[in-house]
Each structure stands twice: as structure tokens, then as C-alpha cells.
Amino acid sequence: MPVMKSMLVRMLYESRVLHKFSGIILKQGGLILMYHRVLPAGWKGMHLIQPGMYVSTDTFEREMKLLKTKFNVISLGSMLDYLKTERSLSRCCVITFDDGWQDTFTHAFPILERYKLPATVFLTSGYMNTDRRFWPDELAACLGEWFSRGRGDALLPMGVKRILEKEGVTSHQSPTFIIDRAIGGFKKISETSRDTLLLELKEIFPNRIDDRVMMTWQEVDTMTATGRIDLGAHTVSHCLLDQIPPWEAKKEILQSKQEIESRLNRSVDYFAYPNGNFTPEISDLVREAGFAAAVTTRRGWVHAGQDLFELPRNGIHNDVGKTDALFMWRLLIR
Ligand SMILES: [Zn+2]
């Protein structure tokens, strides 16, 4: 974030200008926040994670404290009730986590409990209870090996080299930048090409499977036992739903709901589109599968008359919440 913006935001916050206008701004509706990973600062694998994917535990704790004092943090179910009964959503805020990372249990959950805050966790059913990793993590691990072997161009498969070039990557840039761009580039190619390239990369850069990164069903069960954490589905395989045939999308949506429901013996009423990818046809499939609502990755306010299958969410990552001022700015202005 440019230093100038950061200074300006701090000035507006400290002079209480932001607070003065917050009442008016918050009249626009409710907020749904989207988190992914919560990790301790200096965690060993941090340089292999996209900056948009995590907040540090310290940042997360400060954010929860601020939300607790300045907002009315409610469950997603309560927000839907507010919408149905046309109650004002001003100052209402919902906290959500995507994917089912183990750190949601080990790092986020204890902090949520400390502040008695509700949250919804969207699970990728096919990854729960396994030591599987999502492809961006596998790609990052291979690139991590490439970094440690001196970043020679000749080491990379031609297809990967081409993607990096297209994304404007040179081998001198920072690991975080290269990984971020590489993942972006890999998202633009077909699933088959992606799988082929990943296989090639893994052959050149075999890397050991680190500790398990996804939650076990037992951990999910422990979290939900408090009554403050509820669950949503996020497909079986984290596929991009607009890039697969409708019959397959239907199966991914329905099967993830059924699997979580049967594993945990509770109903799963909410859905999150992986990567935020959806079309009107896909939201129809989600509705037909029996969900009550679905969340996107489009930023915005939740307001009266809202389409419940296109609920906007506001992504929070470490860089946008480094200080209370920046976090408030992200929530109010964005
Ligand atoms: Zn996801």
C-alpha cells in the first residue's frame, strides 16, 4: 500500500473524521467479511503464500477486538433473518472463512472464542480430513524449490516459463510476487493443462508433503459444538464452477452439502463459490440443491432486496488490516 494513502488514512482515523462519517456510511447496509488463513507472524511457510490469503494472528485479534466494540457481529443466519424481516443492517457484520484450513481451528477459533464472536466456515469437503493440498500450494512449493536451487530459467518446463513471461515475471523478483503472478497465470489456463504442468513441475521439484493443512472432521465438530460456528459448503474439489459442465457443477455443489451434513449430522444451508466464480445458471443450481444463500467474492454492502445467492463479501488480508485505521478504511470505504 502506498505510504501516502496509509498516512492519509491514519490522519482521518486519528482526527476522528472517519468516525464522524461512519454512521452515514454504515447506513448503506451490512458487511460480510471473507478470511482465508490466520497464521502466526514469521510462520515458516509464509513466503510461499499469496499475500491475499492470510492475516497474522496478531492482526486478526486486533480486528476481532475492533469488530466487537464497533460493530454488531451476527451469524450469517441472523443476517438472513434481518433481511427477511426488513430490519436495518447498519453496523451488522458477519465473519466468514473459506476452504477449511486447519489454522481456522488452531489460530482463528480460539480468538473468536475469546471475543465470543460467531462465524461461518465454508468447507471444501473432498479436502477435509486429508493431507491433500490445493494446487496453488503445490505450485508454490515447487517454485519454493526452484528458488532454493538458484532460479535458473533452464530448470523450468517450457509451459511454466511461458506463463511466467506472460505474467511479467522475471527471476529476480521477490518470491511472493513470483508466486502470486504464477498462481494468477495458472488460473487462466484449462484444468487439464494446469494438471499436466503441475505434474511436470513436481517431477523436477519433488517436495515433501508438509504437515496437514486442512481440518479434520473432529476439529470441525469441536468448533461447531460451541454453537457460535456454523458451516457452509465450498464444493468437493474447489473447482471453478463456471469452467466445468453443468452436470459436474451440480454434483460438486450437492455432494459437498451432503457429505458435510452426513459427517457432522447437521444441516448445511450456505454455499461459497470457489474463487467467487459463478453465473446465473450456477446460482440456480445452488438454490435447487437446497441452500438458503450463497456468498460471492464481490465487494459491497448487503442491503434490502438483496439476491440471497449473490451476497457480496469483503476480502480481508494482512495488508489491508495492518492498523485499526486501515482496517476501518477497508470496511467503510474500501
Ligand atoms: Zn476457496
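Modeller: Happy to, so let's take strand S5 and begin with one of its partners. Strand S4 (residues 72-73) runs parallel to S5 and is joined to it by two bridges, which meets the cut-off for pairing, since DSSP has to find at least two bridges between two strands. In that pair, Val 73 stands opposite Cys 93. One caution: this is a predicted model, where local features need pLDDT of at least 70 and side-chain atom pairs count only at pLDDT 80 or more, while totals for chains, interfaces and linings use all residues. Residues are numbered from 1 along each chain as its sequence is written. Strands here are DSSP runs of E with at least two residues, helices are runs of H or I with at least four, and both are numbered from the N terminus.

S5 also pairs with strand S1 (residues 31-35), again parallel, through five bridges, and there Leu 33 faces Ile 95. A further parallel partner is strand S6 (residues 119-123), with four bridges to S5; Phe 97 is opposite Val 121. S5, helix H5 (residues 102-114) and S6 together form a right-handed β-α-β unit, meaning that with the strands pointing away from you, the path from the first strand over the helix to the second runs clockwise.

How buried is S5 (residues 92-99)? Eight of its eight residues are buried, so the strand is largely enclosed by the rest of the structure. Buried means 20 or more other C-beta atoms, placed from the backbone, within 10 Å of a residue's own; exposed means 12 or fewer, and partly exposed is in between. Across the protein's 334 residues, 38% count as buried.
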